[in-house]
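Hello,

Please have it open while you read my notes.

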Amino acid sequence: MKLKEITLRHLQMKMKFPFTTSFGTVQDKEFILIEVKDEEGTSGWGESVAFVSPSYNEETLKTNWHMMEDFLIPLLKGQKISHPDDISAIFEPIRKNNMAKSAIEGAVWDLYAKRKGMPLYEALGGENTTIDVGISIGIQKTVADLLTIIKQHVDEGYKRIKVKIKPGWDVDVIREIRRSFPDIQLMADANSAYRLEDLPQLKKLDEFQLLMIEQPLASDDIVDHAVIQKELTTPICLDESIHSYEDARKALQLGSCQIINIKIGRVGGLTESKRIHDLCKEQGVPVWCGGMLEAGVGRAHNVALTTLSNFTLPGDTAASSRYWEQDIITPEVIVKDGVIQVPEKPGIGYDIDLEAVKKFMLKEKTYSL
Ligand code: OSB
Ligand code: MG
């Protein structure tokens, strides 16, 4: 296929609630929406998951715009794309900036699937037509508030509950949760808030039958994680530390984790996500799909990826209505009894609500290819 133009749009959408992790709070979600058009006028859509500030990783909305405008889009000029896998090869000369690369690659995957007349999940080789989902709950003002929110989501049917932890908001909080909910599938995500010296505190979490502890140590570490995984009975899941297939291979070889959270943006796209998925499957390591508080387009990509066979643990892809009064896709992503029905329409399977896009848009720029 021949790509004709790319439009970048900066959107701002207010979330229903502030989301707090060990590294900060998000309330007004800003992101870049990518539309790529081919010579026949078909559009593919992608979403950058970089936040406004470099606190989850080093990328930001502005660095993503800069990378796309000044480096990635120019690399696409005059290219003939036979498959979306070509995109990662074309972007190879640019180091890192995975979220910027992934946003464009995701739009090309959607476009490719639409041209083939097949749903994105099928184009990716996904096998499941329903996916199980869990929910990620931020740090709250009080434990009582947290318990109320957990109850609400357990009642809605979410298949597992993830809570954010940090030093000072960990063992006692988890103990309280377990007292109220002895049997739920429960896990904790530290977003890199601990250090090797905190091992004694982390060991205390072993008594609560957590499904896993996500990313306890530094966002670029796989060595110390291997040290603490040997000491913990709870499986470690890596999120921030896995930026590529190579990172995943090394982490598994070192024994740094027993589970991997795959985020499409963090690893540079759907093609790389699939490679990591396949590697983990070969090695008997389960994976699940992480979330970045995405609007509808990014959420739809997560839904499609999660249909691959080794996504055996519920992911963080909750319903659109959990985050937004109004999403930018129709229909929105709906969760019933903890399950999403995967759409069968070509491409991402949801329509873009252009009126909603306009309503949330702060800036727009089109580049011809
Ligand atoms: O670590 O998984 C994470 C949100 C923002 C940044 C990092 C993370 C998260 C979440 C929420 O856990 C996932 C979601 O609901 O989209
Ligand atoms: Mg995480």
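The notes below take the metal site, the ligand and then some backbone details.

**Ground rules**

This is a predicted model, in which local features need pLDDT of at least 70, side-chain atom pairs count only at pLDDT 80 or more, and totals for chains, interfaces and linings use all residues. Residues are numbered from 1 along each chain as its sequence is written, chains are lettered from A and ligands numbered from 1 in the order in which they are written, and side-chain values use heavy atoms, with hydrogens and water left out.

**Magnesium site**

Ligand 2 is a magnesium ion, and its protein donors are Asp 189 (OD), Glu 214 (OE) and Asp 239 (OD). They lie 2.1 to 2.3 Å from the ion. Donors here are N, O and S atoms within 2.8 Å of the metal (3.2 Å for Na, K and Ca). Water is not among the atoms, so the site may look incomplete. Along the chain the donor spacing reads D-x24-E-x24-D. Glu 214 belongs to strand β8 (residues 213–214), while Asp 239 sits in the loop between β9 (236–238) and α9 (245–254), so this pair ties together parts 25 residues apart in sequence. Helices (H or I, at least four residues) and strands (E, at least two) are DSSP runs, numbered from the N terminus.

Glu 214 is buried at 0% relative accessible area. Asp 239 also counts as buried, at 0%. The cut-offs: buried is under 20% relative accessible area, exposed is over 50%, and partly exposed is in between (1.4 Å probe, protein chains only).

**Ligand 1**

There are 19 residues around ligand 1. Those that come nearest are Ser 136, Lys 164, Asn 191, Leu 293 and Tyr 323. To count as near, a residue needs a heavy atom within 4 Å of the molecule or strand.

Lys 164 has a side-chain N or O atom 2.9 Å from an oxygen atom of ligand 1. For Asp 189, a polar side-chain atom is 3.0 Å from a ligand 1 oxygen. For Asp 239, the distance from a side-chain N or O atom to an oxygen of ligand 1 is 3.1 Å. A polar contact is a pair of N or O atoms within 3.5 Å; within protein, one must be able to donate a hydrogen and the other to accept it, and residues adjacent in sequence count only if both atoms are side-chain atoms.

How much of ligand 1 does the protein bury? Taken alone, ligand 1 exposes 390 Å², and the protein buries 100% of that. These areas come from the Shrake-Rupley method with a 1.4 Å probe; for residues, only the protein chains shown count as cover.

**Backbone details**

Most residues other than glycine have a negative phi, and most peptide bonds are trans. A few places depart from that.

- Thr 330 and Pro 331 are joined by a cis peptide bond, with omega about -15 degrees. Pro 331 is in the loop between β12 (329–330) and β13 (339–341).
- Asp 337 has a positive phi, near 50 degrees. Asp 337 lies in the loop between β12 and β13 and is exposed, at 52% relative accessibility.
- Asn 97 has a positive phi, near 50 degrees. Its loop runs between α2 (85–91) and α3 (98–116). Asn 97 is buried, at 18%.

**Other spots to check**

- Asn 57 is in the loop between β3 (43–47) and α1 (61–76). Asn 57 is buried, at 16%. A polar atom of the Asn 57 side chain lies 3.1 Å from the backbone nitrogen of Glu 59.
- Lys 159 is in the loop between α5 (143–156) and β6. Lys 159 is partly exposed, at 33%. Lys 159 and Val 133 are 26 residues apart in sequence and 5.8 Å apart in space, C-alpha to C-alpha.
- Met 13 is in strand β1 (residues 3–21) and is buried, at 1%. Met 13 and Ile 242 are 229 residues apart in sequence and 28 Å apart in space, C-alpha to C-alpha.

Best wishes
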